[in-house]
Amino acid sequence: MSDLTHQAKAVGDEREQGAALVVVLVFMLGIVALVLLIVPPAQKNLESEALSNRRRGLEFVLQHAINDSLHECKDFNDYDAVANGQGAVGVLPRASWTAGGNFSDFGTGTPVVVNGRNLGAYMAVIRTDPVTDTQVLSVVAAFPDFVNPRELVSAQVQMQATLQGLFGDRSALSFAGNLAGTGSTGGGNFGWANNGDQTVSIKATTTYDPDGVGPLSPVYAPAVNISDSDFYDGFLTQFVNDPNHGEGAPDDGLDMEGGDIGDYTNTTTVITDTIAQEPSSTQRVNEEFLEQWIDHWRDAGNQTPDNTISSNSSWSNSASGTASSELTFLTASQLKSGNVIEGKGTLVIRGNLTMSNGAKINWDGDIIMVPSSSGSGQGKLIVKDAEINVTGGLVLAPDPNDNKTVGLYTDHEDAKVHVTGTMLAIQAGTGSAELSLSKGGELRVDGLLGMLGDNIAAQVVGAPGSAPGDPGRSKLDVSGSMVVAVPPGGSGLQKLRFDAASDATFEFDNAKFEAGVQLAEEGSQHSDVEPPPYQIYRTGYREVPATTVLAEFEALRIAGEDPGLTAP
Amino acid sequence: MRVSTSTARGLTFVEIMVASSLLALISLVSMSLLAVLQRSGITVAKNTNIGVDARRVLTEINRDLRQTGWAYDEPTNANFERGPSTATNPPGFTATVFGDTSLGALPALSFRKRTGFAGDLDADWNQWVVYQVVADGNFNNVQGTPARFSLTRRVATDTDNDGAITAGEPDITVTIAENLSRVAFARPDGGDAASLQDDLNIDLTLAITLSSPDGSGGAPPPGITVSYRERARMNNLPEDRN
């Protein structure tokens with residue numbers, strides 16, 4: 001039995017081993033097939049997913065870098081401090097980075113990490129084009145980093161700072177935005193009286209040097225630039241092709257048209273170099289921005305003043321404000337004989353003020369006109385036989401939420417207002433601004449005269465019968481540039497008239513214009529006033545080869561260029 | 001004892017038959033499993049390719065759309081539209097058709113890209129791109145024989161900036177996707193121009209269909225369809241406060 005059992009076991013063992021081998025082989029074959037058929041596609045799928053995720057992540061880094069760089073520009077308020085036309089953003093280490101240095105400060109770029117996961121890093125450079133007043137932001141993003149990048153993407157964004165865009169044109173007279181409200185097709189609020197004896201002279205320097213480095217690449221500046229096509233046609237009709245004004249020059253038998261040079265005399269004299277209808281860069285004005293800008297100026301009136309001038313008879317000479325950071329309030333309603341106010345800093349005039357009998361304001365800084373806080377009070381500065389001299393800014397800032405008028409009025413043949421810098425009439429909301437020269441008097445602006453908003457009216461008219469040279473003729477003299485910019489959707493500019501017994505001269509002067517714009521950008525110098533809004537608009541986007549951008553960055557680094565940013 | 005010994009050394013006919021049957025059964029199951037695995041592998045591979053293709057196409061459209069938008073003109077934005085629009089199309093180019101192939105349309109996106117910043121804010125819109133859905137017969141081995149489409153991309157560059165594509169200027173049309181069962185281009189807000197920000201977005205829908213590996217002929221099973229949807233945003237803006 002023991003033999004039988006042993007043999008039976010031996011036979012049983014042999015069968016089990018054979019069957020097991022077949023089964024094992026079959027299953028091994030199946031497993032190999034499974035591996036061969038399933039794993040490679042799955043691996044490919046995973047790699048594809050990973051690649052897709054990396055690229056999506058890098059696109060996120062790129063967009064984040066653009067936004068971050070724009071914000072950084074905004075916060076710094078200056079991305080080209082050394083004025084070499086280029087600045088770096090997104091530079092590490094920010095905490096220890098100071099102005100100056102060079103593009104080696106890029107290091108390995110700014111990493112973007114979300115929930116502990118590295119999405120990549122970026123570098124960014126911003127360059128300024130002085131001709132178009134635009135900046136081009138170049139951003140390149142790399143994954144995982146710039147040391148051993150496996151993926152690179154790059155994009156460029158063309159953009160414009162608001163104020164630079166607001167005063168982007170260089171013309172003696174620039175109109176931009178929605179000007180339909182002027183009645184440009186012949187309404188009474190635009191143009192002049194046909195039977196008047198007024199003169200309007202609009203002159204451009206033939207060229208100007210855009211980068212200030214010399215006569216190379218001069219840029220032609222038209223006398224008048226009007227971006228709005230309807231307003232352009234209306235301007236030709238009202239100012240140029242008016243049959244009362246004779247023919248255009250050269251004397252081709254046709255009415256004057258854009259591009260002609262006018263030099264002829266009728267009852268009205270018009271001298272206009274050229275009229276252009278060009279896509280204007282002076283069109284980025286909008287209601288919201290204007291409101292913020294007005295709030296900046298008006299905010300000075302909400303601060304605690306360093307000095308207050310309230311009396312109008314008990315003093316003869318007030319020296320107020322000895323530093324540009326000081327704030328002075330003028331609450332007097334009249335300035336009369338012998339009243340002279342001199343000072344520095346920011347002068348806020350609240351409510352109506354009439355100046356007469358030789359009163360004077362000589363101010364080095366900004367004069368800000370705001371409406372009265374009382375129920376019916378306005379904010380009218382009436383200059384009779386008196387004088388205002390401002391080196392800085394004269395700003396009419398009506399309250400956007402109050403239906404009141406803030407205006408400047410010359411109302412006497414001996415009235416004189418002279419602004420060296422910038423004069424601004426800014427309007428938004430329900431407030432309104434006026435500029436009226438009548439009965440003689442003179443307003444001279446050496447710099448920038450800006451009328452920004454839609455509920456704004458301007459008129460120049462002299463004392464009836466005043467001949468050229470008579471004191472009763474009103475004079476508006478702008479040496480620099482006058483910019484009229486109206487936001488879209490509003491009622492349009494309300495009035496722009498040059499009427500009888502008046503002389504208006506607009507002559508483009510690049511240096512004065514730029515100085516005026518700089519003053520407008522700097523705003524009130526009082527330390528408690530929020531800085532003026534400085535906003536970057538993104539206007540163009542294109543994707544470019546990352547290697548090209550990196551090569552440009554490397555060239556900047558090798559050249560030791562100054563990134564030109566102030567430290568955060 | 002001898003008899004017993006000789007019996008232990010051999011296999012009976014019944015045993016051989018049982019073993020053969022078991023082997024055949026195992027082989028049959030194994031082969032069936034292999035066939036299923038093979039079909040499954042092929043399907044996975046095709047699905048992977050679909051995913052790769054769809055992502056490539058969507059990425060390409062997305063990149064193109066990012067570089068379009070609006071040229072600057074404050075009073076009349078609509079007239080200066082460069083992005084997909086039924087109002088303005090490059091001369092000789094397909095009009096933009098927002099629509100859905102499942103609703104009978106052959107959608108097309110026609111727009112311009114801004115390629116440079118050499119000029120002012122309205123310059124260098126000189127590359128014209130058209131994504132056109134083309135009818136491509138039917139899926140014959142898919143239940144219901146649904147309509148089949150392909151997608152072409154035409155890119156032309158107005159190198160001399162004269163507003164037209166003339167002889168000698170690059171103008172290339174390439175088929176970038178096939179076996180599409182559905183394509184839809186839509187604006188999320190339905191094209192209400194009242195909201196510029198909304199109009200900067202475009203929804204892209206792409207569905208690719210595969211015939212089922214499990215049959216063909218007179219009564220094929222439903223196909224395998226994979227759908228992708230993505231929202232693209234145009235980045236060239238007349239006014240975008242950042």
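A residue counts as buried under 20% relative accessible area, exposed over 50%, and partly exposed in between (1.4 Å probe, protein chains only). This is a predicted model, where local features need pLDDT of at least 70, side-chain atom pairs count only at pLDDT 80 or more, and totals for chains, interfaces and linings use all residues. Residues are numbered from 1 along each chain as its sequence is written, chains are lettered from A and ligands numbered from 1 in the order in which they are written, and side-chain values use heavy atoms, with hydrogens and water left out.

**Stop 1: loops of chain A**

Select A:N115. It sits in the loop between β2 (110-114) and β3 (117-129) of chain A. Strands here are DSSP runs of E, at least two residues; helices are runs of H or I, at least four; both are numbered from the N terminus. Phi of A:N115 is positive, about 50°, although the residue is not a glycine. Is A:N115 buried or exposed? A:N115 is exposed, at 81% relative accessibility.

Now pick A:A501, in the loop between β30 (495-498) and β31 (502-508) of chain A. Its phi is also positive, near 60°, in a residue other than glycine. A:A501 is buried, at 1% relative accessibility.

Next, go to A:P144, in the loop between β4 (134-143) and β5 (151-161) of chain A. The peptide bond from A:F143 to A:P144 is cis, with omega near -5°.

**Stop 2: the cores**

Select A:F167 and A:I361. These residues have the most contacts inside the largest nonpolar core, which has 86 residues. A nonpolar core is a set of buried Ala, Val, Leu, Ile, Met, Phe, Trp, Tyr and Cys residues joined through side-chain atoms within 4.5 Å. Strand β29 (residues 474-486) of chain A gives the most to this core, with 7 residues. Another core, of 30 residues, lies apart from it; B:L65, B:L109, B:I202 and B:L204 are among them. In soluble globular proteins, nonpolar side chains tend to be buried together.

**Stop 3: a pocket**

Select A:R55, A:R56, A:E59, B:T59 and B:R66. Of the 36 residues that line the second largest pocket, these lie nearest its centre. A pocket is an open set of points on a 1 Å grid over the protein atoms alone, where a 1.4 Å probe fits, with protein on both sides within 12 Å along at least five of seven lines; lining residues have an atom within 4 Å of a point. Which element gives the most to the lining of the second largest pocket? The answer is α1(A), with 10 residues.
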